[in-house]
Amino acid sequence: MAKKWNMIVDIERCDNCRNCFLATKDEHIGNEFPGYSAPQPDRGHSWVDIKRHERGAWPAVEAHFMPVMCNHCDDAPCMKAAKDGAITKRSDGIVVIDPVKSKGQKEIVDACPYGAIYWNEEEQVPQSWFFDAHLLDGGWDKTRVEQACPTNVFRSLKVEDKEMQRIAEEEDLEVLKPELDSRPRVYYKNMHLMTTCFVAGSVVVDVDGVEECAAGAEVVLMRDGRELARTQTDTFGDFRFDKLAGNSGGYRVEVNSESSGSASAAFDLTEESLHIGVLALSA
Ligand code: SF4
Ligand code: SF4
């Protein structure tokens with residue numbers, strides 16, 4: 001079986017520095033690559049678009065960033081909308097919009113369910129991130145986004161599909177909009193940071209009239225009387241459970257410390273992550 005390109009994007013590593021976005025601009029603005037792409041206009045296009053998602057509320061808030069680009073789908077909706085062979089799927093998995101054949105085909109832009117295609121008004125062509133195929137064909141072993149990223153968010157792999165499936169399972173990778181069955185070749189690691197909620201809290205204990213952080217207390221997350229997960233408070237008495245589905249209803253947290261007693265709290269999880277406050281241990 002032939003080896004094909006795939007891209008793994010680790011959301012946890014992205015700091016929103018936008019180097020990948022700028023590297024793509026640097027590569028394509030004012031530069032034409034015959035057979036691959038017309039020049040990118042100097043405004044309005046985000047072939048690599050950094051999406052932002054905030055979770056939680058004070059005192060537990062975090063922001064995450066997810067680079068989104070063409071997924072190089074194996075069953076690409078854009079190809080079905082394209083006429084005259086304007087979009088091709090190469091044998092190495094890369095989807096390329098032909099800059100000549102696609103002229104005037106603005107309808108291709110709306111055919112992408114990921115919003116990854118941009119209309120170039122000046123050149124009258126639809127455009128997207130084409131996996132730096134012009135560089136790979138020239139002997140590069142990685143894309144410019146990968147080269148430009150200081151935190152190793154991107155990992156491009158040219159492997160057989162069976163091997164990619166093994167890696168996806170092993171590393172718990174996910175694709176965007178799997179329900180479309182468009183079979184993207186861009187995989188995301190730590191997608192839960194964009195799609196699920198966490199619940200956090202703090203535990204304290206009274207020591208001679210002074211409120212101290214309760215480190216090392218056992219914390220259990222319960223639902224309908226059943227244990228879902230278990231953790232321990234850290235040095236600051238904080239705990240956290242992640243990967244909970246939004247709008248999933250009622251939960252209960254039970255805290256126990258052999259030396260300091262117990263505490264518990266019930267809460268409802270809406271679509272937002274939450275900090276359930278400070279729980280005071282008592283005998
Ligand atoms: S992400 Fe959009 S542009 Fe890219 S292959 Fe899939 S449908 Fe086509
Ligand atoms: S270069 Fe890397 S860290 Fe910076 S925005 Fe892009 S993916 Fe994120």
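Select Asp268, which has its place in strand E16; strands (E, at least two residues) and helices (H or I, at least four) are DSSP runs, numbered from the N terminus. The model is predicted, so local features need pLDDT of at least 70 and side-chain atom pairs count only at pLDDT 80 or more, while totals for chains, interfaces and linings use all residues. Residues are numbered from 1 along each chain as its sequence is written, and chains are lettered from A and ligands numbered from 1 in the order in which they are written.

Is Asp268 buried or exposed? Asp268 is exposed, because 10 other C-beta atoms lie within 10 Å. The cut-offs are 20 or more such atoms for buried, 12 or fewer for exposed, and partly exposed in between, with C-beta atoms placed from the backbone.

Now show what surrounds Asp268. Leaving aside neighbours within four places in sequence, Asp268 is in contact with Gly249 and Gly250 (contact: C-beta atoms, placed from the backbone, within 7 Å).

Next, select the whole sheet. Its four strands form an open sheet in the order E13-E12-E15-E16, with antiparallel pairing; two strands pair if DSSP finds at least two bridges between them. Strands of a sheet pair through backbone hydrogen bonds, either parallel or antiparallel. Strand E13 (226-232) and strand E16 (261-269) are at the edges with a single partner strand each, so one side of each has no neighbour in the sheet. On average, neighbouring strands here are turned by 20° against each other, direction ignored. Strand E15 (residues 249-257) pairs with E16 over nine bridges, in the antiparallel sense. Across that pairing, Glu254 stands opposite Ser264 in E16.

Zoom out and colour the chain by domain. Domain 1 covers 4-194 and domain 2 covers 196-280, with bounds from an automatic or database domain assignment. Their centres, taken over C-alpha atoms, are separated by 39 Å. At the boundary, six residues of domain 1 are in contact with nine residues of domain 2. Strand E2 (residues 49-57) gives the most to the domain 1 side, with three residues.

Move to another sheet, an open one of three strands. The order is E8-E1-E9, with mixed pairing. Strand E8 (154-159) and strand E9 (186-189) are its edges, each with a single partner strand, so each has one side without a neighbour in the sheet. Strand E1 (residues 4-10) runs antiparallel to E8 and is joined to it by six bridges. Within that pair, find Met7, which stands opposite Ser156 in E8. Helix H6 packs on the sheet and touches E1, E8 and E9.

How many of the ten residues of helix H6 (residues 161-170) are buried? The count is one, and the helix is hardly covered. Just after H6, Asp172 takes a positive phi of about 60°.

Finish with the ligands. Around ligand 2 there are 14 residues, the closest being Cys14, Cys17, Cys20, Cys149 and Val153 (a residue is near a molecule if its C-beta atom, placed from the backbone, lies within 6 Å of it). Helix H1 (19-28) and strand E3 (60-68) are the elements that give two or more residues to this shell. Ligand 1 is surrounded by 14 residues, and Cys70, Cys73, Ala76, Cys78 and Cys112 are the closest.

Methods: Two residues are in contact if their C-beta atoms, placed from the backbone, lie within 7 Å. Axes are lines fitted to C-alpha atoms, for helices over the stretch in contact, and angles run from 0 to 180 degrees between N-to-C directions.
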